Amino acid sequence: MTNGPQELDALADVLVAQTAAPLPHRAVTAHRWADVVFASWRMDADTVASLVPPRTEPDRIDGSAWVSLTAYEFRRTTVPPLPPPGPLGRLTEITVEVPTVDDAGRHGTTYLTVDTQHVPAVLAARIGIGVPYTAARAGSRRDGDVLAHRTRRRHGGASASVRVRAAGGVTPDALSVALTHRPGVHARHLGVTSWWRRSHAPWQLRAARAEELRGDLPDVVGFPRLLDRVPDRLLVGDGVDVEYAWGGLVR
């Protein structure tokens, strides 16, 4: 658990360094993330613990567990060594996720849902790595400093609509850095918990103001009426190139 400012500063430095480190193996996927919105809320750890994979637990950052709604546009998606798939490589993703840490001390994130309009991505992620992608009518747009993302599931109708206005450049505090720099993904697949390494340059973060934040998408994964609450952190991130590689099983 990180409580004091020195511990939080140290954690943030570690996470930035781990996230920026080169992958240990050739990337299995590579993407450009653009127009990223991070909305994060403090949560009681007991509320979150049952939702994360075995051999992991909620990462207590600044004394709390957290849940985040993250929305962004994928661009230039590739599956090395194959060439980019053209227009099919561009899609919107809206996630509900929990920062997690595993029994080996590796910090990452656990996706409780990833909504996207890209059906091949849904099938590949569910079958191949166990990340709970869901088919949705999703989209993104940007108008100057206003970033907007939306999703509505094709089955069940759960939705989320996010529109924020980015502020000027800011120097993010350690809490903001620790919430957004997550060097891997924990996923439960075929009865075991796997670890996928994620690598990207440090985020250039800015504060943001919500113009719209509504919907029931978090409700269906265990967080009722979450979007009725004001986020404890609301940030936007400029685009980065993100790569993923296999990291191993959590034992």
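This dialogue walks through a predicted model, from its overall build to single residues.

Trainee: What should I know before reading the numbers?

Mentor: The model is predicted: local features need pLDDT of at least 70, side-chain atom pairs count only at pLDDT 80 or more, and totals for chains, interfaces and linings use all residues. Residues are numbered from 1 along each chain as its sequence is written, and side-chain values use heavy atoms, with hydrogens and water left out.

Trainee: How many helices and strands does the chain have?

Mentor: Both are DSSP runs, numbered from the N terminus: helices are H or I with at least four residues, strands are E with at least two. Here the chain has four helices and 13 strands.

Trainee: Why is the chain called as compact as a globular protein of its length?

Mentor: Start with the rule. The radius of gyration is taken over C-alpha atoms, and the globule rule is 2.2 Å times the number of residues to the power 0.38. For 251 residues the rule gives 18 Å; the chain has 17 Å, which is close, so it is as compact as a globular protein of that length. Its C-alpha trace spans about 45 × 40 × 35 Å along the principal axes.

Trainee: What share of the residues is buried?

Mentor: Buried means under 20% relative accessible area, exposed over 50%, and partly exposed in between (1.4 Å probe, protein chains only). In this chain, 54% of the 251 residues count as buried.

Trainee: And the surface as a whole?

Mentor: Areas come from the Shrake-Rupley method with a 1.4 Å probe; for residues, only the protein chains shown count as cover. The accessible surface of the chain is about 11,300 Å². Carbon and sulfur atoms hold 53% of that surface.

Trainee: What part of the contacts joins residues 24 or more positions apart?

Mentor: Contact means heavy atoms within 4.5 Å. Take the contacts with a separation of 6 or more: residues 24 or more positions apart account for 71% of them.

Trainee: Show me that on one residue.

Mentor: Take Thr-100, in strand 4 (residues 91–102). Thr-100 is buried, at a relative accessible area of 0%. Leaving out residues up to four places away in sequence, Thr-100 touches several others, including Val-52, Asp-59, His-107, Arg-182 and His-186.

Trainee: Is Val-96 buried or exposed?

Mentor: Val-96 counts as buried, at 1% relative accessibility. Val-96 lies in strand 4 too. Now check distance: Val-96 and Gly-108 are 12 residues apart in sequence and 14 Å apart in space, C-alpha to C-alpha.

Trainee: Where do Arg-42 and Asp-62 lie?

Mentor: Arg-42 and Asp-62 form a salt bridge, 2.5 Å from N to O. Arg-42 is in strand 1, and Asp-62 is in the loop between strand 2 (56–58) and strand 3, 20 residues apart. Arg-42 is partly exposed at 29% relative accessibility. Asp-62 is partly exposed at 26%.

Trainee: Which residues do salt bridges with shared partners join into one network?

Mentor: Begin with Arg-163 and Glu-211, whose side chains meet at 3.4 Å, N to O. Arg-163 lies in strand 8 (residues 159–169) and Glu-211 in strand 11 (residues 205–215), so the pair ties together parts 48 residues apart in sequence. Arg-163 is partly exposed at 25%, and Glu-211 is partly exposed at 33%. Shared partners join Arg-163, Arg-165, Arg-209, Glu-211, Glu-212 and Arg-214 into one network.

Trainee: Where does Asp-219 lie?

Mentor: Asp-219 is in the loop between strand 11 and strand 12 (233–237). Asp-219 is partly exposed, at 30%. Beyond four places in sequence, Asp-219 touches Pro-224, Arg-225 and Leu-226. Its C-alpha atom is 9.8 Å from that of Ser-159, 60 residues away along the chain.

Notes
Salt bridge = Lys/Arg side-chain N within 4 Å of Asp/Glu carboxyl O.
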